Amino acid sequence: MIKKVAQYIKKEGLLTENDTVIVALSGGADSVALLHILLHLGYRCMAVHCNFHLRGNESMRDEEFVRSLCKSLNVPLEVVDFDTEEYAKEKAISIEMAARELRYAYFEEKRNKEKAAAIAVAHHKDDCAETMLLNMIRGTGIKGLHGILPKNGYIIRPLLCLERSEILDFMTEKSYDYMTDSTNLKPDYKRNKVRLEIIPLLKELNPSITDTLCRTANNILQAERVYDREIGKGLEKVKEGNRIDLSKLSEEISPQALLHEILSPLGFNSTQVYNLYTSAEGNGSLIENSNWMAIKERYEIIIHKKGGDVRTEELLPKEGSIVVDGYTLHIEETVFNGEIPKSADTASLDLETLQMPLRIRNIKAGDRFIPFGMRGSKLISDYLTDRKRTLIEKQKQLVVTDNSGNIVWLVGERPAAPYCVGKKTKKLLRLKWQRS
């Protein structure tokens, strides 16, 4: 079996002779086997054990076992403690995802510190088959069907050539001790259900189901490389910056697949992408998650990162300037000389009609104003729709209000009629909006 792993490492280009390797050592059969095999093959190994403090006494038992094992093998060990539950709470993610993020971030930190060639983790064929099935159950694109890769950046998986049963036989044959995680024996989590219930059922139909699924995953990986090349060509045609041209997208062989590959790295799932793609054109339909929005407008889809453009109400100085979202708003009080700049970026307001101080904010639902040159009030959302503004542009739209809360200027568009200069105006307040 050691020879089999050595051949796999060479075939996949995972390591070269005399490399230093960080081994993720949990204390379970898989990671202990990985450590023994890499040592036998002559690699310089350093171990990291992550204690997530999720299993009470078992967590401490595993830590003590790992310490004893590394001491007996003369392998440098670093134990790191994580408050996994607190991290999951802060990030609003599952415990499983929290543990994953914490350990991989620390592994990379350790690799950089030690200048190691790679971080070795003990995934095997059964893990690959389980991952493939889990992704199918959740719903996925082609990338979710290639299972677990032998190499992903600096993460390597030398045991992907082995089934779990081979590893256990190896541990028994060599009389190597290891710890058993009791939570892996309970079908409480989706992965455990797949491992303990679904795969045994599939083995009744195909005793070699694990190997079959892994070979299928590899076939998909080969096809994916061709797929990625074509996706790359499509991206160059349809996407420019944060905008996707719908007419060009429709000319592609598989528009929905291309859209999925653009949006899924931003955290959008396949259902969201399908809903956006099949929605009626030009109605401003959108999908969103905690960080991103994708909005379908008349001729394009616009991708917009949340959080940077929406501002709370902000007080304006009586005179001077203020920087707002990459623009500078200049404020000047002056005597009216009869000249009014004809520019949407400048508002000339009758100072005596304003209740100072002024404020600037984003538009809100229900905002109305009386546009200069028009009769009667109009919903700002309707005004912007008439101006063919996109949903994102609407969300970023700013207004200036006076102390009574009335809108005196739709920034960069029109001032409100009641506050514009007239025949009786003596002093005016000039607001000028310029990109910084």
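1. Start with Arg215, which makes a salt bridge to Asp211, with the closest N and O atoms 3.2 Å apart. A salt bridge here is a side-chain nitrogen of Lys or Arg within 4 Å of a carboxyl oxygen of Asp or Glu. Both residues sit in helix H9, four residues apart, about one turn of the helix. Helices are DSSP runs of H or I with at least four residues, strands are E runs with at least two, and both are numbered from the N terminus. Arg215 is partly exposed at 48% relative accessibility; buried means under 20% relative accessible area, exposed over 50%, and partly exposed in between (1.4 Å probe, protein chains only).

2. A word on the model: it is predicted, so local features need pLDDT of at least 70 and side-chain atom pairs count only at pLDDT 80 or more, while totals for chains, interfaces and linings use all residues. Residues are numbered from 1 along each chain as its sequence is written, and side-chain values use heavy atoms, with hydrogens and water left out.

3. Asp211 has another partner: Lys125, with the closest N and O atoms 2.6 Å apart. Lys125 lies in helix H6 (residues 125–138) and Asp211 in helix H9 (residues 209–238), so this pair ties together parts that are 86 residues apart in sequence. Buried or partly exposed, what is Lys125? Lys125 counts as buried, at 15%, whereas Asp211 is partly exposed at 22%.

4. Elsewhere, Arg387 pairs with Glu413, the closest N and O atoms being 3.0 Å apart. This pair links distant parts of the chain, 26 residues apart: Arg387 is in the loop between helix H13 (380–386) and H14, and Glu413 in the loop between strand S20 (407–410) and strand S21 (414–415). Arg387 is partly exposed at 41%, but Glu413 is buried at 10%. Salt bridges with shared partners also join Arg55, Glu58, Arg61, Asp62 and Asp181 into one network. The whole structure has 25 salt bridges.

5. As for disulfides (cysteine sulfur pairs within 2.5 Å), the search of the whole structure finds zero. Cys128 has its nearest cysteine sulfur, that of Cys214, 4.0 Å away. Cys128 is buried at 6% relative accessibility.

6. Finally, which residues lie nearest the centre of the second largest pocket? They are Tyr327, Glu393, Lys396, Gln397 and Trp433, out of 20 lining residues. A pocket is an open set of points on a 1 Å grid over the protein atoms alone, where a 1.4 Å probe fits, with protein on both sides within 12 Å along at least five of seven lines; lining residues have an atom within 4 Å of a point. Helix H14 gives the most to this lining, with three residues.
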